[in-house]
Amino acid sequence: MPAASNPLNLTGLARTPGAQRSWWLREALGQEPGQPCPPLQADVKTDVVIVGGGFTGLWTAYFLIERNPDLGVVVLEQDICGGGPSGRNGGFASGWWDELDGLVTLYGPEAAVKACRAISSSIGAIGEFCDRHGIDAWYRRGGYMYAVTASAHERLCKEMVELAREVGAADELRELTAAEVKARCASPAFRGGAFMRDGASVQPAILVRGLRRVLLERGVTIHEGTVVTGLDGTDAVTARGHVRAKHAVLAVNAWGIGWPQLNRRLVAWSSYIVLTAPAPERLREIGWTGGELISDFRTSLRYFRTTRDGRIAFGGGGGRARRTVDEMFTGDTRAVSETADGFRLMFPSFADVPIEDAWGGPIDVSPTHLPTFGRVGDGVYYAGGYTGNGVAPTHLAGQVLADLITGADTDAVRLPMVNARPRSFPPEPFRSWGAAVVRRAMIAKETAEERGTQPSFLVSQLSRTPRRLGYLLGPD
Ligand SMILES: Cc1cc2nc3c(=O)[nH]c(=O)nc-3n(C[C@H](O)[C@H](O)[C@H](O)COP(=O)(O)OP(=O)(O)OC[C@H]3O[C@@H](n4cnc5c(N)ncnc54)[C@H](O)[C@@H]3O)c2cc1C
């Protein structure tokens, strides 16, 4: 890492990654702060109460009102809508063709393809939603390029492409030569790769705040600054009032580790993003002008995209696994540095381009690397386990939950991840301890592979533990 040539004051920056809203959200609030949604202060009655004002909660509210405009819907959000990962993610609305391995293992090829097609239509529908409602969320359908950055990943790339061909979806995912990769984005770290045509970039905070605006226009009640401390049946309990409802939706993402209905379904890991200063001329020099989303093949994924004003937003899953969603998910200086290291490794020609911002957030890792949507109790519904890929799937989750609640018999409710019960994670304290150890081992293994060195025997064995225990996570 060429620290000496790096003008970024990482020390100064690293002190504050969690002390402010993400750059996306600051942009979005600067453009349109939106009307206030004061905290709940009284007992109220409604049809559906939704806990969580991120994409899952807001899309669910949106589709409920689409299905039945007379339904009463109340959303309770502890922060502001989009204050969590929905307003701080990488903005990759990407397809599931890269998830075929897990989907086919779990549900068989036919159902797997149906699930992928459903996500594809969500990607298109998000763009249409933005057009219809005048939300300029920088939607750009530039596709998704996978870059091989270590020889250990060449096999993964080939298998991924081969599987798409086997299920009859060769058009969706194709292998790229090293020269084709270079033509889309020239990095000395890239050795080859693949291209998935299903992929759109968005400015996630503008999207989530736009969705909030549409819901308010349609009569949905939103209370921000309102922590739900639990459910009493289908009623939401808060310090200043209850929402009595016929149905409740838990749309709490990684905070689910604190909910008894969800905690064995999730492990909470963090992911961090660093953002460069605008450097459009440098992007032109490396040929990255097509708006492609890009990632590598690591389990601790590095993912990167460009912005309208010519910045790179570079994310890395280098953070930690924790038992509660605490400040390590937004203020972890080590994770910021590791993410910045990844960026410098991939983009040495940006050595003198400052990194201007950094932020992080929690990821709700599921045992299968894939989300599930459905019922978790009488009248209580849930969607989560997105494992860092929720921008498009939350749109689908919203339709599924709305259909389940309104009793609509649609293709969406017959998708294989609806009411699926993947194997649970172990109880605490083993879950978070195990996750923390395994995560560091995976990062150490992948860092060694990237440097062309051999990971230690212990690191290799530890990183394979999840697969050996039957989870669809990490290397095999
Ligand atoms: C750094 C980072 C980068 C990512 N990049 C991508 C990407 O590029 N593409 C992609 O597809 N996915 C990405 N993700 C994942 C994606 O952001 C999530 O999967 C998605 O936003 C999930 O939406 P959600 O509504 O379920 O969760 P959230 O947006 O987290 O919403 C849940 C909300 O519930 C609220 N809440 C929790 N507990 C309570 C409570 N007790 N009472 C009231 N409110 C509560 C929280 O404050 C939060 O706002 C990324 C995530 C992170 C952290």
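The dialogue below works through how to read several features of this predicted model.

Q: What pLDDT do local features and side-chain atom pairs need in this predicted model, and from where are residues numbered?
A: Because the model is predicted, local features need pLDDT of at least 70 and side-chain atom pairs count only at pLDDT 80 or more, whereas totals for chains, interfaces and linings use all residues. Residues are numbered from 1 along each chain as its sequence is written.

Q: How many helices and strands are there in the protein?
A: Helices (H or I, at least four residues) and strands (E, at least two) are DSSP runs, numbered from the N terminus. On that reading the protein has 14 helices and 19 strands. The radius of gyration, taken over C-alpha atoms, can be set against the globule rule, 2.2 Å times the number of residues to the power 0.38. Here the radius of gyration is 21 Å, close to the 23 Å that the rule gives for 476 residues, so the protein is as compact as a globular protein of that length. Its C-alpha trace spans about 60 × 45 × 45 Å along the principal axes.

Q: Of the 476 residues, what percentage count as buried, and what percentage of contacts between residues at least 6 apart join residues at least 24 apart?
A: A residue is buried if 20 or more other C-beta atoms, placed from the backbone, lie within 10 Å of its own, exposed if 12 or fewer, and partly exposed in between. By this count 54% of the 476 residues are buried. Two residues are in contact if their C-beta atoms, placed from the backbone, lie within 7 Å, and among contacts between residues at least 6 apart in sequence, 75% join residues at least 24 apart.

Q: Which residues touch the most other members of the largest nonpolar core, and where does this core lie?
A: In soluble globular proteins, nonpolar side chains tend to be buried together. A nonpolar core is a set of buried Ala, Val, Leu, Ile, Met, Phe, Trp, Tyr and Cys residues joined through C-beta atoms within 7 Å. The largest one here has 145 residues, of which Val-49, Val-51, Leu-58, Ala-61, Val-73 and Leu-401 touch the most other members. Domain 1 (32-138 + 198-266 + 367-425) and domain 2 (430-468) both give residues to this core, so it lies between them. The domain bounds come from an automatic or database domain assignment, and the C-alpha centres of the two domains lie 32 Å apart. Val-49, leaving aside its neighbours within four places in sequence, is in contact with Val-74, Leu-76, Ala-236, Val-243, Ala-245 and Ala-248.

Q: Which residues come nearest to the ligand, and which elements give two or more residues to the shell around it?
A: A residue is near a molecule if its C-beta atom, placed from the backbone, lies within 6 Å of it. Of the 41 residues around the ligand, Gly-52, Gly-54, Gly-90, Gly-361 and Gly-390 come nearest. The elements that give two or more residues to this shell are helix 3 (55-67), strand 12 (267-276), strand 17 (355-365) and helix 11 (391-406), with the largest share, four residues, coming from strand 17. If Ala, Val, Leu, Ile, Met, Phe, Trp, Tyr, Cys and Pro count as nonpolar, Asp, Glu, Lys and Arg as charged, and the others, Gly among them, as polar, the shell divides into 16 nonpolar, 22 polar and three charged residues.

Q: Is Pro-278 buried, exposed or partly exposed, and with which residues is Pro-278 in contact?
A: Pro-278 lies in the loop between strand 12 and helix 9 (280-285) and is partly exposed, with 16 other C-beta atoms within 10 Å. Leaving aside neighbours within four places in sequence, Pro-278 is in contact with Asp-309, Gly-310 and Arg-311. The C-alpha atoms of Pro-278 and Thr-307, 29 residues apart along the chain, are separated by 8.5 Å.
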